[in-house]
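Biologist: I have a structure on my screen and want to learn how to read it. Can we go through it feature by feature?

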Amino acid sequence: MDDQLKAALIEIAGADNYSEGLIDLVSYSYDASQHSARPSCAVWPQTAEQVSRIMALANRLLVPVIPRGAGTGLSGMAVPVKGGIILDLSRMNKILKISIEDRLAIVEPGVVYANLEKALGPYGFFFPPDPASGKVSTLGGNVATNAGGVKGAKYGTTRDYVLALQVVLPDGRIMRTGSRAMKSVSGYDLTRLFVGSEGTLGVVTEITLKINPKPTATSTALATFSNLEDAGRAVSRIMYSGIIPSVLEILGKETILAINKNTDLNLPEVDAMLLAETDGYTKEETDYQMAKIIEVFSSNKALEITQARSEQEAVNLWKARKSAYAVLARIKTHFVLEDVTVPMGKVADLLKGIEAISRKHGIQIATFGHAGDGNLHPQILYDGYNPVDVEKMEAASADLFSLAISLNGTLTGEHGIGISKAPFMSLEHDPVAMDVMRSIKRLLDPRNILNPGKMALDTKDETGETPTHAPANA
Amino acid sequence: MEAKYDFEKKFREQILQCSRCGFCQAVCPVYGSTLRPALNARGKMLLLKEVMDGKIDLGEDLIESLFQCTTCASCAANCPSGVNVPEIIKQARKDMVHIGSCHPAFVGMNDVLQKSTNIYAEDELPDFGRKRDKKAAFVYFVGCVGSYREDESTEETLDLMDRLAVDYTLISEVCCSGVLEDVGYNLNPKLARENLDRMFSTGAGAVITGCPYCFRTFTHRKEYDELKEKGIKVLHISQFLKDFDFGVKTGKKVTYHDPCDLGRHCGIYEEPRATIKKIASDFVEMQHHHADSLCCGAGGGVRGAFAKNSLSMARRRLKEAEEVGAEILLTECNSCVHNLVNAKLRKQNIKIYNTTAFINELVNKIDKV
């Protein structure tokens, strides 16, 4: 580490908030993806002003800065591929304001999702996106990756709740976007530009979130299907029913088999299972909605439909879905958890396509996910120390992305592009769109110091980069 | 390639199974107090992975992370990939000791337990004014913290057992030395032998421990297998007391802190609560309880080696007790009592006791009236 830079960073953040120790450098080399690369040092800023001074300094000295929350991202967006300074925002963790009358909460970026949830609970309010990593992930990270979760179908994702931001630009200038008002059409929507920008355009230092009253009643049901087409048709038909379920999750056969092999849940070994939840404020209301959904299940050849009659029964129906990730995480030493997303009418096609890809490459792919918003999680299981396996995984991923795009879908519904999907950006975005994205990046970060090497924004990476999902340093 | 260290031979698969999801950050007490991911379970698994990959080597640089774990096991309890982090850490610490990289506090602890009879190198074992090594139905095994640091609490516990007319004896006990297994060394078999011989000579059919860690050692370590072989039961004091009636009540708001060694490590959650509910009409759980309980920060040698962070973990726990408005915090571990009392700020009015000590205080009050 350059002595002048080190001294300046310590002067800005304090000696307790700076490290170049090996243990920190190793830990900041990774996120939840298979990528890794060493940073030069780590800084824990405490204020927007400190972030501003760090950015101005790094910009002047041409040192990359990688903003980081809890490091739970699955696409490598927090991995410092070009080295540089890790800016860990987790110590900026104050909830600044909760205003029920304005229906908003103002938070620092390091606040953990679950802590906001806990603070809103007593008011009967919540911040709906509910990412699976919510117990650990930070709201800054949720904003930077536009995080979503099981309730996307009804409640949308992070982007639908961000009213305003304070952002430090790569040159150190501090900017406010958006408004605390519920509505605003004042100027370009800069707020949305930063949501999901994966830390490539600015460092978010304050977030104003819209919050919702929390529904107090739910109904839950589980249906099994002996073939995928029926399950897929049921998903589409639910959309026609006029009911928007708060949860509509699907488990594919490979996932069901894996769960049976590794737990004592003893699930029926069918082609697909759909788990539906409706929410509202009275049981009558949620049961009414659920009755409509169950009607759709029956008329689409569901084998067996179970509706929970108590909270405990609902918990039981959720067990298979909730165990999926942990079961699949233990089968092989490595996995890639994709998040391709298609229009809801194509969910069955996507599932069938995934099975074909699995057969073609001779690699295990187990799928579960959010059928209600078309966002599936094919989890490719492989041994990262076996080059043949790694090659198969890479080929299968590439096919998966092509499949999603061919179904008018997208590479990623909620995990982001990062490093993993950067080579596939041009599969989804036409050259003009890529040019506009790169132009925006150059406008805000002309010296390319903020999280470089991500999202195919570096012009020089435009061609010739090969897809890589393998452990970068393995 | 042949594995260089024992941790790799034993745990390679498990370390690779860590999917780096980071969910342990939600529960790791060291992370919670420092917000430094290098100290979290994931950070530790990444260090060991890089050692296995040949990218870094075990050595001094890793001490601050690998030796800073209270072995509270909440990471293991919450790991989607089923990685048993505390066991891996314990083995890695042994490997580090083997190559001469160990935190000086633990080198010192091991030295002490090769020469002395207790972790504090104290010369004289207190007898609490009671005759030791008698014939009795039960042995009461105090443990180092209860003997030398929380002796007042032990005194109260013994008074209570006297009132209950329990036929017990203290023994000329030495450290169970189980803690050495946690900090990179091995349980000292000579000390185990001394304890066993003295327990046997009392003719007791059961050993009651005041310390959850001693309880764990006596029930889980092979050096103490003779207890089981001879049909001698081992009970933690909370298990022993659950069937007694104390004839006292408190109207104060009481909460209970699950010691990691008793709860997550031994699955004892309900007996302590059964007793407390008998004596407290206003019992409240903290935000984290039972298997989700938050560590007091004392375990795994962290109190000795990283005192500042250990206290800050205890403060987080006390904050939870304050948040639920508890006036009395009860626990079943002298080490937890010791750390929580040390961490308590003057402005905090909450009182911290071992359950036995608290009950005895209530009984004393009635006697005085």
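Modeller: Start with a helix on a sheet. Helix α3 (residues 48-61) of chain A lies across β8, β9 and β10 (203-210) of chain A. Its direction makes about 50° with β8(A). Helices (H or I, at least four residues) and strands (E, at least two) are DSSP runs, numbered from the N terminus. Contact means heavy atoms within 4.5 Å. Axes are lines fitted to C-alpha atoms, for helices over the stretch in contact, and angles run from 0 to 180 degrees between N-to-C directions.

Biologist: Which strands does helix α4 of chain A touch?

Modeller: Helix α4 (residues 113-120) of chain A touches β5, β6 (104-107) and β10 of chain A. It runs at about 40° to β5(A).

Biologist: What should I know about the model itself?

Modeller: This is a predicted model: local features need pLDDT of at least 70, side-chain atom pairs count only at pLDDT 80 or more, and totals for chains, interfaces and linings use all residues. Residues are numbered from 1 along each chain as its sequence is written, chains are lettered from A and ligands numbered from 1 in the order in which they are written, and side-chain values use heavy atoms, with hydrogens and water left out.

Biologist: In what order do the strands of the open sheet in chain A come?

Modeller: Two strands pair if DSSP finds at least two bridges between them. In chain A the order is β5-β6-β10-β8-β9, with antiparallel pairing. β5 (95-99) and β9 (174-178) of chain A are the edge strands, each pairing on one side only. Neighbouring strands here are turned by 10° against each other on average, direction ignored.

Biologist: Over how many bridges do β8 and β9 of chain A pair?

Modeller: β8 (residues 162-168) and β9 of chain A pair over 5 bridges. Find A:Leu165: it stands opposite A:Thr177 in β9(A).

Biologist: What is the pairing in the open sheet of chain B?

Modeller: It is parallel, in 4 strands ordered β6-β5-β7-β8 (chain B). The edges are β6 (280-283) and β8 (351-354) of chain B. β7 (residues 328-331) and β8 of chain B pair over 4 bridges. There, B:Leu329 stands opposite B:Ile352. Helix α18 (residues 334-343) of chain B lies across β7 and β8 of chain B, at about 165° to β8(B).

Biologist: How many residues of each chain are in contact with the other chain?

Modeller: 37 residues of chain B and 38 of chain A. Buried area is the accessible area (1.4 Å probe) that two parts lose on being put together, summed over both. Here it is about 3000 Å², 54% of it on carbon and sulfur atoms. B:Gln17, B:Arg20 and B:Leu35 supply 17% of the area that chain B buries against chain A, more than any other three residues.

Biologist: How many salt bridges are there between the chains?

Modeller: A salt bridge is a side-chain nitrogen of Lys or Arg within 4 Å of a carboxyl oxygen of Asp or Glu. Between chain B and chain A the count is 3.

Biologist: Which side chain does B:Glu323 meet in a salt bridge?

Modeller: That of A:Lys118, at 3.8 Å, N to O. B:Glu323 lies in helix α17 (residues 307-323) of chain B and A:Lys118 in helix α4 of chain A, so the pair joins two chains.
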